[in-house]
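Subject: Handover of a structure, with notes on its contents

Dear colleague,

Please find below the structure I am handing over to you. My notes on what was found in it follow directly after.

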Amino acid sequence: MVKLKDTILEADTLVTCDPSNRVIKDAAIFISNGIIQGVGTKKEINQDYSASKIIEGSNKILLPGLVNTHSHSIQTFLRGKADDYALLDWLKKVVLPGEARFTSEEVYNSSLLGFAEMIRTGTTTTNDMLTTHDSIKGIKAAKEIGIRARIGKMLMDYNNDFAEIVREDAETVIESTRKQIDEYHQTQNGRIKYTLNARFLLSCSPKLMKMIVETRDEYDDLMIHSHASESQAECDAVVKMYGESYFRSLKKLNALGPETILAHGIWLDDEEYEIVKQTETRITHNPSSNCKLASGICDVLRYQDMGVIVGIGTDGPPCNNNFDMFHDMRLATFLQKVKHLDELALPAEKVLKMATIEGAQAINWENEIGSVEVGKKADLILVDTNEVNSYPFYNPISHLIYSASGKDVTMTMIDGKIVYQDGNYLTIDIEKVKRAAVKYQKKWNE
Ligand SMILES: [Zn+2]
């Protein structure tokens, strides 16, 4: 084999999340031009390749970067300001006014802080909703820090309690969205893809929804990302506004399909589950958010038994209150065990796949990310196994799901570039971002 010069990444254990779920001991991978070129044991990789750089990985698990299928980086500055509310009050009293009042600089710094927390805790890809104004500042933050993202402005036009303060008219929404698609979709070596973030039916008129669907159908690889059937009160309000249940309304609007991902999906009747299955719509389960807002428990097992693809999302800091996917992986399996009174529900292997390759499938990115395989993008993380919570260490996947936390991540690589390592954020000035958060906090307290 030709000896190429680039990076060799080593680890005591490699968890690939590939189709045969390979776990390799004393493993190494060879990366060149941001692409995984070789996967095997240290011995095999060192025989086949030489590298200008070797990243050593004793007492480490190497695995694909985590895929967060539903986030609101923009809401990071509202962390801790919206505790103990149910969904509709949470939106009306804190989240929507908070988003509306953000200055352009605050949009940038709030999003950047959110992305920093993601890369710190092992997330390499996120499916992110910004707000209605200054969304290009949020996209700028994603570009600068180096995270992989489907990202876009928040689309909302409907003049009611939920949208009044941040609403735009439908034509303005679509005009600015199209401009942003042309400028940002599939840029940064394909790392940034635009997404059509229709907030939820209560803030989108039928007219806007129709325009969003037309836009999705017009562009290649563009998805609709929205919330649906999160709380019972929300579902009742949708019936009042649209005359039909949530998923029937979405179906009538032609808004479902494999290029649509919906957050939550908790309160569905039998026919609505069938609609999700038939349309191949993707679901993102957000366990912390569902618990904190007392929304309900998503029936993940039912979706999976029907063949529906389900990813895991953190949602935003006002309803979580962090972006640590390790926390949400653990909660996802615990909630299914309790809901079904079945200790075998969503075992560790399955929930890890939901946060990696199946999360990538949920956002139609599985050909490039979500597993450690030759030809895929080098989106990788190292997890420390030398902390007190790692002893004894019998099974790496059990450790990742039931014991580890995002703070055990020691290195995050995206597109072959290290963006976080051993406490250092390599693409941004984290102290400057923290100062911006403190400034915002003082403003709120004035
Ligand atoms: Zn959300």
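The donors of the zinc ion are spaced along the chain as H-x1-H-x154-H-x87-D. This is a predicted model, and in it the protein donors are H70 (NE2), H72 (NE2), H227 (NE2) and D315 (OD), at 2.1 to 2.3 Å from the metal. Two of them, H70 and D315, bring distant parts of the chain together: H70 belongs to strand β6 (residues 66-71), D315 to the loop between β14 (310-312) and α12 (325-340), and 245 residues separate the pair. Both H70 and D315 are buried. As for the geometry, the angles subtended by the four donor atoms run from 88 to 172°, and the arrangement is therefore irregular.

The peptide bond leading from N320 to N321 is cis, with omega near 10°. A cis peptide bond is also found between Y391 and P392, where omega is about -10°. P392 sits in the loop between β15 (380-384) and α15 (396-403).

Two backbone phi values should be noted as well. In general, most residues other than glycine have a negative phi, and most peptide bonds are trans. Q188, which is not a glycine, has a positive phi near 55°. Q188 is placed in the loop between α5 (170-184) and β10 (192-198), and its relative accessibility of 32% makes it partly exposed. N254 is not a glycine either, yet its phi is positive at about 60°. N254 is located in the loop between α8 (246-252) and β12 (260-264); with a relative accessible area of 46%, N254 is partly exposed.

Turning to the charged side chains, the structure holds 25 salt bridges. In general, side chains of opposite charge can pair when their charged atoms come close.

- D83 and K292 form a salt bridge with an N to O distance of 2.7 Å. Because D83 is in the loop between β6 and α2 (87-101) and K292 is in helix α10 (residues 287-292), the pair ties together parts 209 residues apart in sequence. D83 is partly exposed at 34% relative accessibility, and K292 is partly exposed at 22%.
- D221 and K193 meet in a salt bridge at 2.5 Å, N to O. D221 lies in the loop between α6 (206-218) and β11 (223-228) and K193 in strand β10, so this pair ties together parts 28 residues apart in sequence. Both D221 and K193 are buried.
- R248 and E271 are joined by a salt bridge of 3.4 Å, N to O. The pair links distant parts of the chain, with R248 in helix α8 and E271 in helix α9 (residues 270-279), 23 residues apart. R248 has a relative accessible area of 21% and is partly exposed; E271, at 48% relative accessibility, is partly exposed.
- The network of salt bridges links R148, E368, K377, D379 and D415.

Among the helices, α3 (residues 104-120) may be of interest to you. Helix α3 has 17 residues and reaches 24 Å from its first C-alpha to its last, close to the 24 Å expected at 1.5 Å a residue. Of the 17 residues of α3, 15 are buried, so the helix is largely enclosed by the rest of the structure. After α3 comes G122, with a positive phi near 95°.

Finally, some figures for the chain as a whole. The protein chain has 16 helices and 18 strands. Its C-alpha trace spans about 65 × 45 × 45 Å along the principal axes. For 446 residues, a compact globule would have a radius of gyration near 22 Å, and the 21 Å of the protein chain agrees with that. Of the 446 residues, 61% count as buried. Among the contacts in the protein chain with a separation of 6 or more, 74% come from residues 24 or more positions apart.

With kind regards

Definitions and conventions:
Residues numbered from 1 in each chain as written. Predicted model: local features only at pLDDT ≥ 70, side-chain atom pairs only at ≥ 80, totals over all residues. Heavy atoms only, no water. Donors = N, O, S within 2.8 Å, 3.2 Å for Na, K, Ca; no water. Tetrahedral: all angles 85-135°; square planar, octahedral: opposite > 155°, others 65-115°. Helix = DSSP H or I, 4+ residues; strand = E, 2+ residues; numbered from the N terminus. Buried < 20%, exposed > 50% of the residue type's maximum accessible area, 1.4 Å probe, protein only. Expected span 1.5 Å × (residues − 1). Salt bridge = Lys/Arg side-chain N within 4 Å of Asp/Glu carboxyl O. Rg over C-alpha atoms; globule rule 2.2 N^0.38 Å. Contact = heavy atoms within 4.5 Å.
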